[in-house]
Amino acid sequence: MKKESLYLPLLLIASFIIRMIPHRTLLLATYDEYLHKDITLRIVHYGLGSISKDIPSLLGLRAYSYPPMFHIIGAAFYKIFPSDYLFFVLPAVYGTLAVLGFYLAFKELMEDKKRALLAVTLLAFAPNFIYRTSLYIPENLGLFLFSLSMLFGIRLLKSKKIRDLIPLALVFALYMITHRGWIFFVLAALLVLVSYWWDFIKRHLHYFVALAVVAVLAYTQVSFIHSTLGELALRLQRSEVSFLGYFKWIGVVQLVFGAIASPYYFRRGGIRRGFVLWAWGFIFAGGISFRFRDPYAAIPLSAMAAEYLIDVIFPAIGPTLRKAFEGVRGFGAEWIRDVSKKRWLTSFIILLILVSPLAQGVYGAYKYVEAPTVSDKEAYEWITQNTPENATILVWWDMGYLLIGNTKRKDVVIWKKVYQGFFGEAPTVREATQAYFDHVVMFSSNQREWAYYLMKKYNVSYIFVDRRRYSYGLIRYGLMEYAPYDTHFKLEFCNGNSVIYRFIPEPDLRIEQPLPVNYTGEYSPLVNFLEKFWTGYNYADFDSRYKAYFNLNAWMVDLYSRLYKKTGDESFKARRDWLLRWLSYKEMENGAFPWGVPPNDFTLYTSYTLEPLKDVNFDGKERSLKLLKDRERGDFFMTTPKDQHGGMVTNALMLPVYKDLGILNATTEKNIVNQLLKEQRGDGSWNDNLGTTIAVASSLARYYQLTGNESVLDSVKKAAQWMTGEQEENGKLKAEKYEYAYSRATYAQMVYIYHVAGLTEAEEKTLRFIEDTFDPNREVHPLDAVLTMYRYFGYAYGKEDAIDMLNELLSAHPMPRFN
């Protein structure tokens, strides 16, 4: 008895420690924890009066509602201990109390401490039981109340005294307003009672049949009962469960020996027979909905396995070993037979059986509780600091937990399903399901008017998507494809991982020219090509990149301004003016023009956007120039707002643009030029890399044009000479191992480098190669390629000649016509 008295405290201490494992990182361990912590804190802030007054909701009988007692108790503790650590420690306390409660219940059932200790050990370390009793979720406290209800229920069955009904009624009443797991307790209790009263039921079977008929009639004819039970059934997470899932979550020892014990246990009286019915009833139901399996099937299985191990398995291990090895012959046979008779071997095997659940439980606590990743705290902080407290933010449904828990803002799906029921009137399953489908439509549909309508319906004011959800095709090629250019959306935050748009139901800037420019004059080959990429708001390439394309649209402003001067066609002027207003409207508050999937505030693309607009007045230009100035350091340009190092290639690319915009600091200019010249290899290349050399050399060529710096010209000539060795006789790059591996825009950069370097023969050869082989249908980014060619041909020959060159090129190599 002294050993048993020692084992229980050790078991409780071990249970507490293991239940701390899921919170070892001091982060909430599941999505649900974010909700229940937030609900608790809302009660702390707003008081008990904020909780729903709807009785079915308070009992968890609505499909999407939670009984409030768990959160009320949590709020009371938080007022005493106002620390977030409470949400890590309190679950372990509740879980350990549940272990103690089930020990008392098993002891009441078995009337033996040793059996009860083994049974509760198996249950305490069942992976699903650890999962449910380690987290800040109502089921944790609910399982403690389940154990007490079970204790007082067994005591009542055994004593048959009314006084034992009182504690059961009190605990069960508390359970009903704590967690809807009380429904599972009722189902389990009914199975036990059927077994316990089976002789009585058989004698009065006709009454029970009549009662069943009345129940069916009530379900079919009474709308409240039908809707309540029907919605609860719909609410159960239904999915097929593999048999391996039972081993994983219930535990190998618990499941195997519990199942084997069924015939033995079935013969041991009414209550134990009821445990067998309970176990198998929930196992079969768990094949459809894991709610039955996790952890409610583990409770009877642990009791059955414990008694079977003690009564049958453990006593049989020694004799089985001796019998198994008694016929062994040959070398070492006598030693093997002697070992098989040793008590220590029997004890060792028993120890293995007992340690297995502990090992599986510890492993499960580490591996099975997967904490949701808050991948971008910066984005959540931005929402907290920059959005109204009552803002509704459209996020993918599983981000709703994190959004609500980290920002206290509303989402569409989780708020509807959980918060509406807890603080108001619970939605029906149909309403909650509709909210889910509507949020899918908002993210995925290209029927924009429908998406606008739904956003207005749910009062959406912001859209928040992180990198993981951006990778979902229905999001990336739905809302996230057109939000960058659609004026109903204003980019408020981006950092390369997360993006936040503000939804503007009635934008100030509306589509004025939804159709492409209709032009049939001299430059129709070029114009017809460009207009294939018109979205109604801007020009966007046929690819999967970020569809805002601010820098390309800025070059479109330059190109159409020149076409207007050449032709006098007012449609070019109108389109130019629209693009200027659109660029100003879409510019971020800090002056940035972002780029990427997900977008980031890259300094390079803001500078690229401003370059063709340097002589144009538009709102926001000064903000952008200020941003670029602020990103300039003594010896590098910041690539993003957080960059502290810069990079050689980005320094080279931004050097001439900063110079052209008139914002280049003399110190920065000197340091970067020296760095680039120093990094050039003796053979004229940079890093012996073709792409790097073309990028740096073309930037230095442009810088030379702007400054006349002869040392830079020498560097460009060396690079140009190295590049000639990288081409075949017809001008094709040797590195182009398969046709069109390089865009013809790359060759246009080379033409420009040769032009500045004075290598006329290489320049003409490369130009002929472009003229002979250009195929816009084979360009990965055809619009980008043509406008990049316009840029570099413009540097080399002037913008007017560049327009003519491209017009001739596209006349000879058009894209297919679109009907």
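Modeller: A word on terms before we start: the radius of gyration here is taken over C-alpha atoms, and the globule rule is 2.2 Å times the number of residues to the power 0.38. Please keep in mind that this is a predicted model.

Colleague: Thanks! What radius of gyration does the protein chain have, next to that of a compact globule of 819 residues?

Modeller: The rule puts a compact globule of 819 residues near 28 Å. The C-alpha trace of this chain spans about 105 × 80 × 55 Å along its principal axes. Its radius of gyration is 37 Å.

Colleague: And how many helices and strands are there in the chain?

Modeller: Happy to list them. The protein chain holds 4 strands, and its helices number 41.

Colleague: Let's turn to charges. How many salt bridges does a search of the whole structure find?

Modeller: The chain carries 92 positive and 81 negative side chains, with the centres of the two sets 14 Å apart. One network of salt bridges links Arg115, Arg268, Arg272, Glu307 and Asp311. For the whole structure, the search gives 41.

Colleague: Which residue forms a salt bridge with Arg575?

Modeller: The closest N and O atoms of this pair are 3.1 Å apart. The bridge links distant parts of the chain, from Arg575 in helix H31 (residues 570-586) to a partner 44 residues away in helix H29 (residues 524-531). Both members of the pair are buried. The partner is Glu531.

Colleague: Why does Arg576 count as buried, while Asp577 is partly exposed?

Modeller: The two form a salt bridge, with closest N and O atoms 3.0 Å apart. Buried means under 20% relative accessible area. Asp577 is partly exposed because its value is 22%, and Arg576 counts as buried because its value is 18%.

Colleague: Asp541 is buried yet has no salt bridge; which is the nearest side chain of opposite charge?

Modeller: Asp541 sits in the loop between H29 and helix H30 (550-567). Beyond its neighbours within four places in sequence, its contacts include Phe533, Lys547, Tyr549 and His781. A salt bridge needs a nitrogen within 4 Å of a carboxyl oxygen. The nearest side chain of opposite charge is 4.4 Å away, and it belongs to Arg545.

Colleague: Now the backbone: which residue does a cis peptide bond join to Val597?

Modeller: Omega of that bond is about -10°.

Colleague: Last one: is Tyr740 buried or exposed?

Modeller: Tyr740 lies in the loop between helix H37 (710-724) and helix H38 (744-757). Its phi is near 65°, a positive value in a residue other than glycine. With a relative accessible area of 9%, Tyr740 is buried.

Notes:
Residues numbered from 1 in each chain as written. Predicted model: local features only at pLDDT ≥ 70, side-chain atom pairs only at ≥ 80, totals over all residues. Heavy atoms only, no water. Helix = DSSP H or I, 4+ residues; strand = E, 2+ residues; numbered from the N terminus. Lys, Arg positive; Asp, Glu negative; His and termini not counted. Charge placed at Lys NZ, Arg CZ, Asp CG, Glu CD. Buried < 20%, exposed > 50% of the residue type's maximum accessible area, 1.4 Å probe, protein only. Contact = heavy atoms within 4.5 Å.
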